[in-house]
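Visitor: I have a chain open here and would like to go through it. Where do we start?

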Amino acid sequence: MIVTNAFNQNLTEESKQNWLSYWKHFTDKPYCYCAEQNCTKQQQHGVLVTQPKMSSRTLYVVPLCKDHSNSFVSQLEIDDCAQIVPTELSL
């Protein structure tokens, strides 16, 4: 699945950690790796994305390693086993 970076400004380290906590809270599948299709590093950040095939206004969170989180500029292919979580859920 292809996702697009939805937040062009730099998020703080704390924000990325908070989004990862949000993702862990709402995901229903155990998944501990970076969601990038070919990456086997541990997830460390939650990143805000859109999915081109769905409504472009809906934001989702995906877990990424620091390397992919910090270099994610436009689009990224994520692993089919990684779940995307909508940001509109309430804690």
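Guide: With a cut-off: buried means under 20% relative accessible area, exposed over 50%, and partly exposed in between. This is a predicted model.

Visitor: Fine. Where does Cys32 fall, buried, exposed or partly exposed?

Guide: Cys32 has 38% relative accessibility, so the residue counts as partly exposed.

Visitor: Is Cys39 buried or exposed?

Guide: Cys39 is buried, at a relative accessible area of 12%.

Visitor: Change of topic. What is the order of elements in the chain?

Guide: Starting at the N terminus, the order is β-α-β-β-α-β-β. That comes from two helices and five strands.

Visitor: What about the radius of gyration?

Guide: The chain has 12 Å, which agrees with the value near 12 Å for a compact globule with 91 residues. The C-alpha trace spans about 30 × 30 × 25 Å along its principal axes.

Visitor: How much of the chain counts as buried?

Guide: 38% of the 91 residues. The chain exposes about 5,600 Å², with 47% of that supplied by carbon and sulfur atoms.

Visitor: Last one, charges. How many positive and negative side chains?

Guide: 7 positive and 9 negative, and the centres of the two sets lie 2 Å apart.

Conventions:
Residues are numbered from 1 along each chain as its sequence is written. This is a predicted model: local features need pLDDT of at least 70, side-chain atom pairs count only at pLDDT 80 or more; totals for chains, interfaces and linings use all residues. Side-chain values use heavy atoms; hydrogens and water are left out. Buried means under 20% relative accessible area, exposed over 50%, partly exposed in between (1.4 Å probe, protein chains only). Helices (H or I, at least four residues) and strands (E, at least two) are DSSP runs, numbered from the N terminus. The radius of gyration is taken over C-alpha atoms; the globule rule is 2.2 Å times the number of residues to the power 0.38. Accessible areas come from the Shrake-Rupley method with a 1.4 Å probe; for residues, only the protein chains shown count as cover. Lys and Arg count as positive and Asp and Glu as negative; His and the chain ends are not counted. The place of a charge is taken as NZ of Lys, CZ of Arg, CG of Asp or CD of Glu.
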